[in-house]
Amino acid sequence: MAATKGKILYKVYRALSYGLSPLLYLHLRWRVLRGLEHPLRWPERLGRPSHARPPGPLLWFHAVSLGESLATIPIIKQCILRRPDLNILMTTTTYSAFQVVKNCLPTGVIYQFAPLDTAAAIDTFIAHWKPKVIILMESELWPNLILGASQHGITMALLNARMSATSFKHWSIPVFIPLISLMLSKFSLILPLSNLQAIRFQLLQAPPPIISFAGDLKFAVEDIGMSVAEIKKVEDLRAQLAQRQVWMASSIHRGEEEVILEVHKMLLEAHPNIVTIIVPRHPMHGKEIALEMQKEGQNVALRSQGENITSGTNVYVVDTLGELRYLYGITSIAVVGGSFLPGLAGHNISEAAAAGCAVLTGPYIAHFSSMVAKMQQFNPMSVLQVHGKLDLAEALRNLLGDDKVLEAHRLAAKHAQQALACGIIVGTWNSLHSNVLRSAFGVDDVHKCSDCWPHMKIASLVIFAHVRMPELSIQPLR
């Protein structure tokens, strides 16, 4: 009965997607005019390919934005290593992800923009690419994509699976339960981020046997490499900051710059030589931030304009893409934004921790609450969660005023990230191979998965030891 209701709801959704297609087309063109879609490749969003399909079996990875895309790359590399017989297609939704990911993907991986979830776009896309397996990242639960792929006999997996409290509330409305239940039943594997996420998927009637655990892939994002020119730019910036105290506010959303400005002013009273680096979540927001800061009497330099930090500069706005992970390396303190205003849900803190920064974040971290909890369980000093601008200013004063305290927090963050990252890639690959790829493609892993098992056991023991004995986690930073 529930399955029948789910199919009826899907038919309604599919019909609506057909009917709304002209409006979605106009919306897409409007986004192109605003610079939010690729000026030439936007037809890919309608399912129209810009690349020929190579012969042979094809595996499709899909992620929405930059963070999820970078988390996918280590799994793609494992796939290339262990299943070189497969063609790999990677799609993302956002233009900002494209601008970075296109330079990070391994050779031979095909990149396309993801189709809109309209019946026509999905059907066109699947008809051209004919994937045997689709691997979705995090929360990409679209009816036409999932049920359309299922109708073509395509096997599916959901990695780093998460569902926000808002999405869970919406899907839990009785009228929608049959549809989400039908969608989740089409997956062969779901790897949730946490126990809470697993419970949410089970409450939405995901079959328990397909739910497993491997850890958060965002803990294990790899170094994507830099060109010689990019390295020089970062090193030049490091030299400009050599004699200054520095802290960074990263992934700042619109409105959060007001919090950062107030904290910056408070810090100037005790640290007149300080430089505040602001990295907006959306680079186009950078010029607005710079103008606002200048109106408040701050001396601001913009990275996109090639402006250097002089002795009088006290705010540096990084309005460029793809540099954040390397900029973490030039500061000892990182405040991760997207977390200081209601309605926001946090951003990935593991990149800052991996770089050896003392990590702080705000109170609104719904999407990353599990990551913060795991790091704090490993060592309470690894992440400082503050509750507003006064709390943030006080925490920063404590870090800037005591080198030993600062070093202890940096060490705690780095070691927590390293321990929690151990074994995640191998564990995810083993689950994916055993539950999805082996049955879909019918050929075994060219590298025996059993070779990886000792490393997973060692990683598990390391994590257990550190969680049980947090005093072991403070060692000199290398």
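Biologist: Which residues does Thr124 touch, leaving out residues up to four places away in sequence?
Modeller: Thr124 touches Leu46, Gly47 and Arg48. Contact here means heavy atoms within 4.5 Å. This is a predicted model, where local features need pLDDT of at least 70, side-chain atom pairs count only at pLDDT 80 or more, and totals for chains, interfaces and linings use all residues. Residues are numbered from 1 along each chain as its sequence is written, and side-chain values use heavy atoms, with hydrogens and water left out.

Biologist: How many residues apart in sequence are Thr124 and Gly47?
Modeller: They are 77 residues apart in sequence. In space, the C-alpha to C-alpha distance is 5.3 Å.

Biologist: Where does Thr124 lie?
Modeller: Thr124 lies in helix H4. Helices (H or I, at least four residues) and strands (E, at least two) are DSSP runs, numbered from the N terminus. Thr124 counts as partly exposed, with 35% relative accessibility. Buried means under 20% relative accessible area, exposed over 50%, and partly exposed in between (1.4 Å probe, protein chains only).

Biologist: Now the domains. Where are the bounds?
Modeller: Domain 1 is 1-213 and domain 2 is 228-421. The bounds come from an automatic or database domain assignment. The C-alpha centres of the two domains lie 32 Å apart. Ten residues from domain 1 and nine residues from domain 2 make the contact.

Biologist: What area do domain 1 and domain 2 bury between them?
Modeller: About 660 Å², with 63% of it on carbon and sulfur atoms. Buried area is the accessible area (1.4 Å probe) that two parts lose on being put together, summed over both. In domain 1, Val100, Arg162 and Leu193 lose the most area to domain 2, together 39% of what that side buries.

Biologist: How many salt bridges across that interface?
Modeller: Zero by the rule, which asks for a side-chain nitrogen of Lys or Arg within 4 Å of a carboxyl oxygen of Asp or Glu. Helix H3 (residues 95-101) gives the most to the side of domain 1 that touches domain 2, with three residues.
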